[in-house]
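Morning, everyone. Please look at the model on the screen while I walk you through it.

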Amino acid sequence: MSAATEPVTPAKRRGRTAAGNAARAISSPWASVVAVILAIMWTTPTLGLFITSFRTQKDIQTSGWWTAFVKPWFTIKNYEQALFGGSTSLIDYFINSLVITIPAVIIPLMLAALAAYAIAWTKFPGRNWIFVGIFALQIVPLQVALIPLQQLYNTLALPSFWQVWISHAIFALPLAVFLLHNFMKDLPGELMEAARVDGAGHNAIFFRIILPLMKPALASFGIFQFLWVWNDLLVALIFAPSRANAPLTVRVAEMAGTMGGQWYLLSAGAFISMIVPVIVFLSLQKYFVRGLLSGGLKG
């Protein structure tokens with residue numbers, strides 16, 4: 001006598017089939033081939049620019065970058081001139097980018113973590129409406145706030161670096177609070193209850209329990225914010241227009257306009273601006289993936 005089996009409903013059959021089809025499509029050899037082709041198409045121009053940055057001006061003007069594989073001849077003088085040359089000298093702008101980016105990442109991370117904890121794990125009237133309002137701020141384009149912020153900064157006579165730090169923090173906070181709140185909300189409440197039973201207050205719970213568990217989420221948003229601030233041009237042009245405070249992106253944009261014919265310097269400057277974001281992403285990649293895929297501790 002055969003054992004009774006649970007009947008498969010049409011809804012279950014459709015859901016199971018859709019999930020199975022999606023899984024098979026993603027893991028199929030054709031999907032891998034398409035992914036490889038897209039990766040090659042995406043990286044080929046970058047590879048060409050990278051090779052161009054090591055070629056001499058004469059070679060760039062007389063032959064394509066792909067000829068370097070046949071007649072390899074490279075030099076690092078392009079990078080030396082781009083970094084320390086009298087007319088370019090990117091080293092000062094590189095330092096300015098670091099000075100701008102590091103505080104512009106730390107400030108919104110600290111404020112967003114505190115705000116997300118308050119909304120997720122403390123009870124006060126209107127917290128849900130506050131969270132909805134913060135979420136809604138993400139749809140407001142930053143260009144709307146540029147002129148009012150500039151007027152406010154001029155009234156307060158803030159230094160240029162502070163203007164850039166505050167502006168980037170303001171623009172990053174809605175997304176940061178939203179992401180960190182969703183991550184915190186998935187943490188088991190038993191941890192907080194056990195800590196309160198042991199006499200821990202909000203400060204101890206936040207710094208000793210929440211923050212260590214938040215490393216993946218903090219790293220994920222930190223990478224997003226770092227890449228955004230490092231590659232930003234609009235905010236830097238408005239709030240740090242002087243050459244003494246301008247970041248690397250401003251100078252590279254100037255080189256594209258004033259040195260469009262000097263590809264050996266422009267390509268070297270482009271890769272100088274790329275090296276730090278690449279290092280940051282590769283060093284924090286494991287946290288980045290965990291922060292995107294994980295929603296806290298799962299039982």
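First, a term. Helices (H or I, at least four residues) and strands (E, at least two) are DSSP runs, numbered from the N terminus. This is a predicted model: local features need pLDDT of at least 70, side-chain atom pairs count only at pLDDT 80 or more, and totals for chains, interfaces and linings use all residues. Residues are numbered from 1 along each chain as its sequence is written, and side-chain values use heavy atoms, with hydrogens and water left out.

Now the overall picture. The protein chain has 15 helices and zero strands. It holds 299 residues, and 36% of them are buried. Buried means under 20% relative accessible area, exposed over 50%, partly exposed in between (1.4 Å probe, protein chains only).

Next, contacts, meaning heavy atoms within 4.5 Å. Take those in the protein chain with a separation of 6 or more: 71% join residues 24 or more positions apart.

On to the annotation. The unreviewed UniProt entry marks "transmembrane region" at residues 22–42, 93–117, 129–149, 161–184, 205–230 and 263–284. Positions follow the numbering used here, feature names are shortened, and annotations may be inferred rather than shown by experiment. Two of these spans, then. Residues 93–117 are 100% helix and 0% strand, with end C-alpha atoms 37 Å apart.

Last, one residue. Where is Ala 157? It sits in the loop between α7 (143–156) and α8 (160–185). Its phi is positive, about 55 degrees, although Ala 157 is not a glycine. Ala 157 is exposed, at 61% relative accessible area.
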